Amino acid sequence: MRMENRKFVVDVAQSFPLAIRTNYGNHHYRTRMMMTTTTRRKRTTDTTKMGSSPVVAAVFLVACAAAALVLVLVLLLVLLLVLGPVSPSVGATHKSKATSTPTLRKCSSGKSNNCDRAPDYWPRFSGTRRVRLLDGIWNASLLRSHPEGFDSMDPDLDASTFDTPERVAVPSTIEVVADPDHGYLPGYLGYRGVSVFRTRFSTDESTNGGGGRLLFQACSFYCRVWLNGIEIGDHRAGGYVAWWLDVPREVLDAGAVVQRGITAAAGSSANPTVDSRATGKGRTMLVSHDLVVLVDNRFNGTTAPLHTGGDFWHYGGILRSVEWHDRPAKSLLSRHSFIKGNRKPFVAASHGNESSSAWPWRLYVYPQKDLQTVRLKLQVAGASGNEPGNLAIFFDGDDETNALEDNHHGFAGDAGEDDLWESLESHPSRTLEAVAKSPWLETDQLLDLGLVSVPNPRVWSTTDPQLHTVSASLNGAVVTERFGLRYWDVDPDQSRIRLNGKVLKLVGWNHHTQWPYTGATPTTEQLNRDLSLLKEHGHANFVRGAHYPQDPRWLDRLDEQGMVGWCETLGPGISISNLKDEYFLEQQDQQLNEMIDNASNHASVAFWAFFNEGPSHKEEACAGYQRSSDAVLARDATRFVTYASNRPSVDKCYGAATVISHNGYPGWYHPDEPGRYWNRIADDLRAGKSPSAIGKPFVISETGAGGIYEWHQNDTCVKWTLGYQTNIVIEDVDTAIQNGNVSAIALWHFFDFKVDDQYENETHCDYREGVVPPTCGFIDVEHQPKRPGGANHKGSLDFFRRPKPVFAAVASRYRTATTRGSGRGFLEGD
């Protein structure tokens, strides 16, 4: 390696041989190769070895040529059948040789563009709860020709005027769609603008009577939705959280009626369902619907108030799955019953909608300290008409036993009332409670089912992550949730985090939702690979989800692997003006509730967090912090509430947290040595120098140092070298493990990542030609002193998940800390 004024050139020919294909997590991606020097050996054929006669040789060559031609034609036919007539990605100006989107599951012939399949993440649905993914190939377009002042909230926008000629995968990341070769890479400014996505899906006429519910697991930043040409709603509360819209029957009736391949214009009859029934016995009526989604990933205080910046790239697009939930009519619900055990009547309050009946949307599970009992709250949708229904709760698939009959401890808070149904009649206002600030306040109700014993209870822990399921059946519609019996609290003597009554040292990394080739829309293989690196290779038991709500597939995996998780709302680096803006705070309230709605049953989640590195050093900010804290505790008092502060000596808002968390970079941004820096903060907090922090555990939520992956050889360990990074990070880790006043450490960051817009405009390094994965040959740290190459280089792995020396050094220490009986403070209750 040759050093020149803090720049470097690295020759990677020996360490990284040329390749034309890489296997990333068992998923293959073809990468454009730029071969400048290629030698080809000419192969000669000695025809004399084929026979003594030239005629024989000629006949043999002709036969070989013919066979080769047939083989090529067969292969071309197979490719056409498998790939189908999919046009290039939206915004592509040339034919890319890179496969930049995940492999899609193909739909069977005769179906619509979208596969008729259910989500493979939790919760699960059955009975009359018909749920399917709308994921697949959609039509789309980037509105490149529109001026920058395009108003995505213009009330006069007409969805029918959007031209969507291209074909793209949904879910996907718009930056990757717009530029498959570079959209995911650090140093390239991704697409910022407006996109439109369109698809069609069908519903059975028998399910249209109750309308439906459309759920987006993540749509970023601002999303506006039309169905059958009718606008049904939008979302402004952050691009990484799941949210849904109710679709009334009238909107579904505006679709195109399809019967046995014959299409009739919707509206030809006032009631197409009645017409379909008159057409003849055995004919199934399908209604086809046109779904249009406008996505705007521009920073804007009105359409995207919670995208406040931060040192990471905010991806846009329909990032995660889209779900359609049929909402059955009363007549369908009343004809079905899927629970064999005893049932009790449930009387729903009237909402004035006679076309649908009560059905279970979500069942929220709150494990209790005895590790045998849970408190259950059932979110009920579509309640109407005071019509009795059948409600049952059963665990672990045992549909013979209704837990409300056999394991029920009475309505929570009513000592002596053993009959839930008596309490329903005597305390209707308390059993059907509305969650303050909930986005579904006007449409759904929350039924408090009280405390219920879990049969054959098994405890969830980091070393033995046992999981249970619980199902709620109401009127034949079933929702099944997965949960773990575990309990978080604080050791009163040590001010340390405890899991199931035992003090636990948490060690791990921060983890952004960024991946090579796919951006913020990872494949299953990519998720599995990252978790394997964290758990099996890194020996971590803790991961902080930075800086926004997490993918449900990721949380599922944390549950299964015994990883402790931190869930945080989007909104890093907020200002005092944000915290005084009621519009901003309303969107934050909504985002908090949506995050809790979608993550609260995950056993792995131990922390609810908000406002990373905000102005918590100012007294006037604390009211905004307290508002979010109160909103969390009103929903869930079984977990910790925290925020990551970077003001350790002057923070004023500790009262809003139940765990104190700090970000700090001694030896990198701060001149102090890591050991002295962290010991001082931890010991001062324990000594009570901040009164509002007394008795609260302390977490190092971010710390680390940068190291450029290719800079592995240098005479001295100067800044940006891998040696310098290793020395700083190891002192951080050793201090956190050895200090009994530190409950957890999450290094920044697990991998190098793409940063915010100001560092992403043609700032990439010079990549080596023909090297896969892309590898820097030259990077300028003199003129890009903060984010060389458009990347944050504090990862223990590089962007392509290649380990740096620091990874092995940290992993060996984490292994010691997470081995039962070793490491100061680990499971001291054992």
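Predicted model: local features only at pLDDT ≥ 70, side-chain atom pairs only at ≥ 80, totals over all residues.

1. The sheet. Four strands form an open sheet in the order β6-β17-β10-β13, and their pairing is antiparallel. The strands at the edges are β6 (131-133) and β13 (243-247); each has a single partner strand, so one side of each is left without a neighbour in the sheet. On average, neighbouring strands of this sheet are turned by 20° against each other, direction ignored.

2. As background, strands of a sheet pair through backbone hydrogen bonds, either parallel or antiparallel. Here β6 pairs with β17 (residues 322-326) in the antiparallel sense, over three bridges. Which residue of β17 is the bridge partner of R132? The partner is W324.

3. Aromatic pairs. The count of aromatic pairs comes to 34. One of them joins F216 and W243: the pair is stacked, with 4.7 Å centre to centre and 15° between the planes. F216 lies in strand β10 (residues 212-216) and W243 in strand β13, so the pair ties together parts that are 27 residues apart in sequence. Both strands belong to the sheet of point 1, where β10 and β13 follow one another in the strand order.

4. Helices α14 and α15. In general, two packed helices are described by the angle between their axes and the distance between the axes. Helix α14 (residues 674-686) packs against helix α15 (residues 722-738) at an angle of about 30°, and their axes are 8 Å apart. Angles under 35 degrees count as roughly parallel, and α14 is therefore roughly parallel to α15. The crossing of α14 past α15 is right-handed. From α14, the residues P674, G675, W678 and N679 meet I728, E731, D732 and T735 of α15. Sorted by class, this contact has three nonpolar, three polar and two charged residues.

5. Helices α12 and α13. The axes of helix α12 (residues 582-599) and helix α13 (residues 622-635) come within 10 Å and cross at roughly 30°. This angle makes α12 roughly parallel to α13. α12 passes α13 in a right-handed crossing. Residues of α12 in the contact include E582, L585, E586 and Q588, while those of α13 are R627, S628, A631, V632 and R635. How many residues of each class does the contact of α12 with α13 have? There are five nonpolar, three polar and six charged residues.

Conventions
Residues numbered from 1 in each chain as written. Heavy atoms only, no water. Pairing = 2+ DSSP bridges. Helix = DSSP H or I, 4+ residues; strand = E, 2+ residues; numbered from the N terminus. Axes fitted to C-alpha atoms, helices over the stretch in contact; angles between N-to-C directions. Parallel < 35°, antiparallel > 145°, perpendicular 65-115°, else oblique. Left-handed = near helix turned anticlockwise from the far one by under 90°. Contact = heavy atoms within 4.5 Å. Nonpolar A, V, L, I, M, F, W, Y, C, P; charged D, E, K, R; others polar. Phe/Tyr/Trp six-rings, centres within 6.5 Å; stacked < 30°, edge-to-face > 60°.
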